[in-house]
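Have the viewer open as you read.

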Amino acid sequence: MTEIERNKATVRQFFDYFVNQKYEEMNDILDDDLTYTMPGEFPLAGTTHGKDTYINRMIRRFKGNVEDCGMDLLNLTAEENRVAIQAKGFFKFKDGLYYPNTYHFLYIFNGKGQIKEMIEYRDHFAMEWNL
């Protein structure tokens, strides 16, 4: 398997963990010094540093709060140490909120096959409308 194919497989594994709320299992595929960025000017925008910070944030935000979620990976393109994904997803929260959105993700890998940087773009209007 080439490095590009391995990176694509890792991203697919990441989404499998995410959709199934297996956040702790992400440890092996995330670099300890992970950087996660959500660009924009809204309350969730910004950058977090560190794998543990990211995983704990996902646990606080989603674990036990989400009844169902899905992520359709529509287009996946890889080059060198980067994987770009166009996706469509939804979250159904236990409080009844249904949140669909469209996304573009960019994953950058370290030399060990782990994700070292994640950049997440989403439809801000859909987020404001639903949340």
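## Conventions

This is a predicted model, in which local features need pLDDT of at least 70 and side-chain atom pairs count only at pLDDT 80 or more, while totals for chains, interfaces and linings use all residues. Residues are numbered from 1 along each chain as its sequence is written, and side-chain values use heavy atoms, with hydrogens and water left out.

## The sheet

Let us begin with the strands. Helices (H or I, at least four residues) and strands (E, at least two) are DSSP runs, numbered from the N terminus. Six strands form an open sheet with mixed pairing, in the order β2-β1-β6-β5-β4-β3. Its edge strands are β2 (46-49) and β3, each of which pairs on one side only. Two strands count as paired if DSSP finds at least two bridges between them. On average, and with direction ignored, neighbouring strands of this sheet are turned by 20° against each other. Such angles are taken between axes, which are lines fitted to C-alpha atoms (for helices over the stretch in contact); they run from 0 to 180 degrees between N-to-C directions.

At one end of that order, β1 and β2 pair in the antiparallel sense over four bridges. M38 has G46 in β2 as its bridge partner. As background, strands of a sheet pair through backbone hydrogen bonds, either parallel or antiparallel.

## Helices and core

α1 lies across β1, β3, β4, β5 and β6, and runs at about 170° to β3. α2 packs on the sheet and touches β1, β2, β3, β4 and β6, its direction making about 55° with that of β1. Contact here means heavy atoms within 4.5 Å.

The largest nonpolar core has 32 residues, of which F14, M26, L30, Y54, F91 and Y107 touch the most other members. At least two residues of this core come from each of α1 (3-19), β1 (30-38), α2 (51-62), β3 (66-79), β4 (82-93), β5 and β6. A nonpolar core is a set of buried Ala, Val, Leu, Ile, Met, Phe, Trp, Tyr and Cys residues joined through side-chain atoms within 4.5 Å. Buried means under 20% relative accessible area, exposed over 50%, and partly exposed in between (1.4 Å probe, protein chains only). Leaving aside neighbours within four places in sequence, F91 is in contact with F18, F62, V66, D68, C69, L97, Y98, Y99 and Y103.

## Salt bridges

How many salt bridges does the structure hold? There are seven, each defined as a side-chain nitrogen of Lys or Arg within 4 Å of a carboxyl oxygen of Asp or Glu. In one of them, K51 meets D32, with the closest N and O atoms 2.9 Å apart. This pair links distant parts of the chain, with K51 in helix α2 and D32 in strand β1, 19 residues apart. K51 counts as buried at 9% relative accessibility, whereas D32 is exposed, with a relative accessible area of 53%.

E67 forms a salt bridge with K92, where the closest N and O atoms are 3.2 Å apart. Here too the pair links distant parts of the chain: E67 is in strand β3 and K92 in strand β4, 25 residues apart. E67 counts as partly exposed at 47% relative accessibility, and K92 counts as partly exposed at 34%.

## Around E120

E120 lies in strand β6 (residues 115-122) and is buried, with a relative accessible area of 9%. Its side chain makes a polar contact with that of Y36 (2.6 Å); a polar contact is a pair of N or O atoms within 3.5 Å, and within protein one must be able to donate a hydrogen and the other to accept it, while residues adjacent in sequence count only if both atoms are side-chain atoms. E120 also forms a salt bridge with R122, the closest N and O atoms being 2.2 Å apart. R122 counts as buried at 14% relative accessibility.

G111 lies in the loop between β5 (98-109) and β6, and counts as exposed at 71% relative accessibility. Q114 is found in the loop between β5 and β6 too, but counts as buried at 16%. The backbone oxygen of D28 lies 3.3 Å from a polar atom of the Q114 side chain.
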